[in-house]
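Look at the two chains below. Start with where they touch, then turn to the fold of one of them.

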Amino acid sequence: MTAVTGFYAAYSTLILFSGVAALLALSIYVTLMAGQLSLGNAALAAIGGYTAAILTKTYHTALWPALFAGAALATAVAVLIGIPCLRLRGIYLAIATLAFGEVVRVAALNLPITGGALGLVGIAPLVSFRHVYGTLAVAAVFFYRLERSRTGRALAAIREDEAAAQAMGIRITAYKVLAFAIAGWLAGLAGGLAVHFTYLINPAQASFGEAVTILTYAVFGGTGTFAGPIFGAVTLTVLPEALRFLKEYRLLLDGAILVLVTTYLPNGVLHPVLGGRVAAAARRLARGRGSPQREMRRA
Amino acid sequence: MAVFLQQLVNGVSLGSVYALFALGFTLVFGVLEIINLAHPAVLAIGALLAYSLLAGAKTGLAVALAGACAGAGLLGVLIDRVAFRPLRLRGASRLSSLITSIGVALILVNLAQIVWGTEPLSYPPAAVPLRFFTAGTVTVSLLQLLVLALVVALMIGLRALLLRTRLGLAIRAVAENPQTASLLGMPFDRVVAFTFFLSSALGGVAGVLVGMLFQGSVSPFMGTTYGLKGLAAIILGGMGDVTGAVLGGLAMGVGEVMIVQYLNSSYRDAVAFGLLFMVLVLRPTGLLGQQRGREA
């Protein structure tokens, strides 16, 4: 037991970061489920983070009300920008959300309430393991159910072919706004959780670079199922820490992942098809025989 | 009035840089309908290459410009080979290209950090022409005139290239319909490679101009601001439209300077992106752009 507590004491920030990263990765995954790439998730997280921080710091609110208020504001903003933006498709939507992120960053830099370039510091240390991983567990169960629900299938239909989905009577805009709302809620919660164990927040956290980091989690892990983004987020948070020498080349690593995974493993590292192939290959090896044709039929 | 005219001059010279940068963006978009988010990193590398030539090899400005231009251009061809061509061959979605281009940008910026460090650099003062002309109350530097002249010349040259030459015809044919153009014997791969060369060369030149206009502005991260402004410029002007990109860039430059002068300097960037956001929502084809139908 002491070994466990000792390990946690040494790596608690890293462990908490992994959980928050996983929540952020899920927030970009939910819009990707509907085939929409949003580059505004870091900004949504910053909205949640600033709101929760101001509430606990200035108004001495309890943690959960502050977190929910931050998440609710991020959701409201996501829906507000989502409704006009979702007429846009593909790269136009990505650019619009990128612009939104910049507006949030500049606003955070200039508003009196957000503390300017320095941001807010000395935020109370209210968040521990159970808050982050409790939230993540709830989110994971939610996504497990979502993927198997009517809503999940509707989102998948929109991703595969928007026109066909519309012809089948799926209300495209409503589902896209719903996906954005969920993204806003998750990102807002993640942002609120993060500030209460890093004790600070500043405008850089709404920047394009942060949005790209979140995207890298999802791309690396794969967007076939919700486990992919979680796996990607945890791996990419822990890996540079475990391999210290990589730290200086973090951007290089992220860049290489974005290029190589998108090019050669378009479904990410953790994907049912790939997993199935690996499992099939393992079985073939175990039995000492196998037929590629059968494997192709399975895939 | 004097202040207004002076700011107009400053705005136009800032806008010319945005325009030059936006030209490269819009060229690739016009031909392949992809956004090359590695373009800002190309701008930075162009500026840094010129720094090495000016400060390290002690060459003249013309050589530095040519070097940055050629280096950035070749880098563009390489970027296409690594990040875009494999996806094109697979017929992947344009969102995938957007993601790989972000990846390439990260790689280039990190490599530039390793080579040139993270400190902001300045071109040696001797390398930058410092002459001022005064007309009434308005002062214009030789540099500002050079930048404007270069941008106008490049815009006219680019239009002439696209509209009057066989190569331009091939580029436009490929932009119109890649399959048909290939069937009719257009060398698709070479046209794309040339487009990337041209686009990135323009980006490299834009980087050198930024370095000359602003002291201490050359660093691996310098592309970020111009990337977002350039993106705003081409959306304002209409994606894929050469004239639109230049007008969009000039409008961004003048608008920014005027906002700082008459409104509030700290919201400069928010206004730019708020505007970008509004244009996307209200008129996604931009002010001059043609309806592309499929996407917007």
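How many residues does the contact take from chain A and from chain B? Chain A gives 32 residues, and chain B gives 35 residues. Keep in mind that this is a predicted model.

**The side of chain A that touches chain B**

Four helices of chain A give two or more residues to this side: helix 3 (63-85), helix 4 (90-110), helix 9 and helix 11 (250-264). Helix 4 of chain A supplies the largest share, 13 residues.

| Kind of residue on the side of chain A that touches chain B | Count |
|---|---|
| Nonpolar | 24 residues |
| Polar | five residues |

**Inside chain A**

Chain A has 13 helices and two strands. Of its 299 residues, 51% are buried. Take the contacts in chain A with a separation of 6 or more: 78% of them join residues 24 or more positions apart.

**One helix pair**

Helix 9 (residues 208-221) of chain A also meets helix 10 (residues 227-242) of chain A. Their axes come within 7 Å and cross at roughly 115°. The crossing of helix 9 of chain A with helix 10 of chain A is right-handed. On helix 9 of chain A, the contact residues include A:T216, A:Y217 and A:F220. On helix 10 of chain A, they include A:P229, A:I230, A:F231 and A:L236. The residues of this contact comprise eight nonpolar, five polar and no charged.

How values were computed:
Residues numbered from 1 in each chain as written. Chains lettered and ligands numbered in written order. Predicted model: local features only at pLDDT ≥ 70, side-chain atom pairs only at ≥ 80, totals over all residues. Axes fitted to C-alpha atoms, helices over the stretch in contact; angles between N-to-C directions. Left-handed = near helix turned anticlockwise from the far one by under 90°. Contact = placed C-beta atoms within 7 Å. Nonpolar A, V, L, I, M, F, W, Y, C, P; charged D, E, K, R; others polar. Buried ≥ 20, exposed ≤ 12 C-beta atoms within 10 Å, placed from the backbone.
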